[in-house]
Amino acid sequence: MKRGMILVTSRYERYVHWFLAISCLLLCYTGLGMMFKELNFLGVIMGGLKGMKVVHNYTAIVFSISLLLAIKMWWKEAGVFVFPEDLEWIKAAGGYLWHVDKVPETGKYNPGQKLFFLTVAFFGVIMIITGFFMAFPNLFFLGADLLDWVYVLHVLGFVVIFAFFFIHLYLGTVGNPGTVQAMINGWVTRAWVRKQHPGWLKEMEHEGTLIVYGQEKNKKAIS
């Protein structure tokens with residue numbers, strides 16, 4: 001670890017992130033295997049279609065808990081838009097779609113990241129609710145005529161989250177080099193933070209709460 005690296009995510013944040021990400025991927029895998037007869041072979045490693053359904057149902061519990069923890073943990077910073085700062089960032093498209101001499105500063109999470117978080121939170125909750133009634137259709141209280149819509153909403157949630165996952169994967173790796181480290185060990189370079197979270201960096205430095213590797217006063221916080 002190089003001196004001067006900045007800690008941007010805690011161990012707890014990383015655990016929640018990876019439990020959510022891995023359970024989401026496993027749900028997509030098993031869901032596809034159950035949805036299309038042509039993809040039933042995906043369940044071979046789980047003992048067949050029945051085994052795949054069991055894995056899907058238990059993974060759904062992990063996903064549900066992880067999503068609720070993520071919403072609770074990140075809502076304050078990533079679930080609320082702040083104006084006019086976020087609006088200025090949106091007008092400039094964060095510098096992703098065209099050249100911008102200086103990207104408007106935002107808090108720890110920019111509007112693009114907030115949109116991703118809110119999308120996953122919203123459609124994730126829809127997946128949890130619809131998945132519950134798909135598993136226990138007798139508990140659906142709106143009548144049998146509307147039960148089919150539960151399946152439609154579940155598929156819609158899958159399509160949206162699956163699409164956003166690949167966008168998130170690209171921006172977290174190739175699109176923004178160095179970003180993946182934030183969710184592997186939590187440490188990133190100052191240059192990365194200055195580019196991705198300039199407003200947050202200034203705020204942490206002003207408050208004296210920035211954790212920098214190698215600084216004596218941060219040793220206790222790091223451990």
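Biologist: How many salt bridges does the structure hold?
Modeller: The structure, which is a predicted model, holds three salt bridges.

Biologist: Which residue meets aspartate 86 in a salt bridge?
Modeller: Its partner is lysine 114, and the N to O distance is 2.7 Å. Aspartate 86 belongs to helix H3 (residues 85-91) and lysine 114 to helix H4, so the pair ties together parts that are 28 residues apart in sequence.

Biologist: Is aspartate 86 buried or exposed?
Modeller: Aspartate 86 counts as buried, because its relative accessibility of 1% falls under the 20% cut-off.

Biologist: And lysine 114, buried or exposed?
Modeller: Lysine 114 is buried as well, with a relative accessible area of 3%.

Biologist: What does glutamate 88 pair with?
Modeller: The side chain of glutamate 88 meets that of lysine 91 in a salt bridge of 3.7 Å, N to O. Both residues are in helix H3; they are three residues apart, so about one helical turn separates them. Glutamate 88 is partly exposed at 37% relative accessibility, whereas lysine 91 counts as exposed at 53%.

Biologist: Where do arginine 190 and glutamate 205 lie?
Modeller: Arginine 190 is in helix H6 (residues 190-196) and glutamate 205 is in helix H7 (residues 198-207). These two residues form a salt bridge, with their closest N and O atoms 2.6 Å apart. The pair links distant parts of the chain, 15 residues apart.

Biologist: What is the relative accessible area of arginine 190?
Modeller: For arginine 190 the value is 27%, which means that this residue is partly exposed. Glutamate 205 is also partly exposed, at 41% relative accessibility.

Biologist: Turning to helix packing, at what angle do the axes of H4 and H5 cross?
Modeller: The axes of helix H4 (residues 111-135) and helix H5 (residues 147-171) cross at roughly 145° and come within 9 Å. The crossing is left-handed.

Biologist: Which residues make the contact?
Modeller: From H4 they include Phe116, Val120, Phe123 and Met127, and from H5 they include Val150, Leu153, Leu156 and Phe164. By class, the contact has 15 nonpolar, seven polar and no charged residues.

Biologist: Finally, which helix holds asparagine 57?
Modeller: Asparagine 57 is found in helix H2 (residues 49-78). Asparagine 57 is partly exposed, at a relative accessible area of 36%. The C-alpha atoms of asparagine 57 and glycine 31 are separated by 9.9 Å.

Methods
Residues are numbered from 1 along each chain as its sequence is written. This is a predicted model: local features need pLDDT of at least 70, side-chain atom pairs count only at pLDDT 80 or more; totals for chains, interfaces and linings use all residues. Side-chain values use heavy atoms; hydrogens and water are left out. Helices (H or I, at least four residues) and strands (E, at least two) are DSSP runs, numbered from the N terminus. Buried means under 20% relative accessible area, exposed over 50%, partly exposed in between (1.4 Å probe, protein chains only). Axes are lines fitted to C-alpha atoms, for helices over the stretch in contact, and angles run from 0 to 180 degrees between N-to-C directions. A crossing is left-handed if the near helix is turned anticlockwise from the far one by less than a right angle, and right-handed if clockwise. Contact means heavy atoms within 4.5 Å. Ala, Val, Leu, Ile, Met, Phe, Trp, Tyr, Cys and Pro count as nonpolar, Asp, Glu, Lys and Arg as charged, and the others, Gly among them, as polar. A salt bridge is a side-chain nitrogen of Lys or Arg within 4 Å of a carboxyl oxygen of Asp or Glu.
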